[in-house]
Amino acid sequence: MAKGKDARVKVILECTGCVRKSVNKESRGISRYITQQNRHNTLSRLELRKFCPYCYRHTIHGEIKK
C-alpha cells in the first residue's frame, strides 16, 4: 500500500533581493518561506511575491534547492 513519490513536496522560497544585497553585506539576513508545491501541475520553479522583513517591502521569492 506504499505510494511512490508524492505529488506535493515542500519547497523553500528565498528572497532574491536579499541574496543580491548579501554580496555587498548591506542586508542583515535572508528571508525564507516554506511552502508546498504540486510537482505534477507545476513543473517549473516557483516564484511568489512575499513580504521580506529585511528589505521592508514585497519582493520576489524564488525556489531554492534543499
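A disulfide here means a pair of cysteine sulfur atoms within 2.5 Å. Before we go on, please keep in mind that this is a predicted model, in which local features need pLDDT of at least 70 and side-chain atom pairs count only at pLDDT 80 or more, while totals for chains, interfaces and linings use all residues. Residues are numbered from 1 along each chain as its sequence is written, and side-chain values use heavy atoms, with hydrogens and water left out.

Let us stay with the cysteines for a moment. Across the whole structure, the search finds zero disulfides. How exposed or buried are these residues? C15 is buried, with a relative accessible area of 0%, C18 is buried at 0%, and C55 counts as buried at 11%. The cut-offs are under 20% relative accessible area for buried, over 50% for exposed and partly exposed in between, with a 1.4 Å probe and protein chains only. C18 belongs to helix 1, residues 16-24. Helices (H or I, at least four residues) and strands (E, at least two) are DSSP runs, numbered from the N terminus. From C18 to Y54 the C-alpha to C-alpha distance is 7.4 Å, although 36 residues separate them in sequence.

Four strands form an open sheet in the order 2-1-4-3, with antiparallel pairing; two strands pair if DSSP finds at least two bridges between them. Strand 2 (32-38) and strand 3 (47-52) are the edge strands, each with a single partner, so one side of each has no neighbour in the sheet. From one strand to the next the twist averages 45°, where axes are lines fitted to C-alpha atoms (for helices over the stretch in contact) and angles run from 0 to 180 degrees between N-to-C directions. Strand 1, residues 8-15, pairs with strand 2 in the antiparallel sense over seven bridges. To find your place there, look for K10, which stands opposite Q36 in strand 2.

How many salt bridges does the structure hold? There are two, counting a side-chain nitrogen of Lys or Arg within 4 Å of a carboxyl oxygen of Asp or Glu. In one of them, R32 meets E14 at 2.5 Å, N to O. Because R32 lies in strand 2 and E14 in strand 1, this pair ties together parts that are 18 residues apart in sequence. R32 is exposed at 51% relative accessible area, whereas E14 is buried at 12%.

Another salt bridge joins the side chains of R39 and E63, at 3.4 Å from N to O. R39 is partly exposed at 35%, while E63 is buried at 12%.

Finally, the rings. K50 lies over the face of Y33, 4.7 Å from the ring centre; a charge sits over a ring if NZ of Lys or CZ of Arg is within 6 Å of the ring centre and within 35 degrees of the ring normal.
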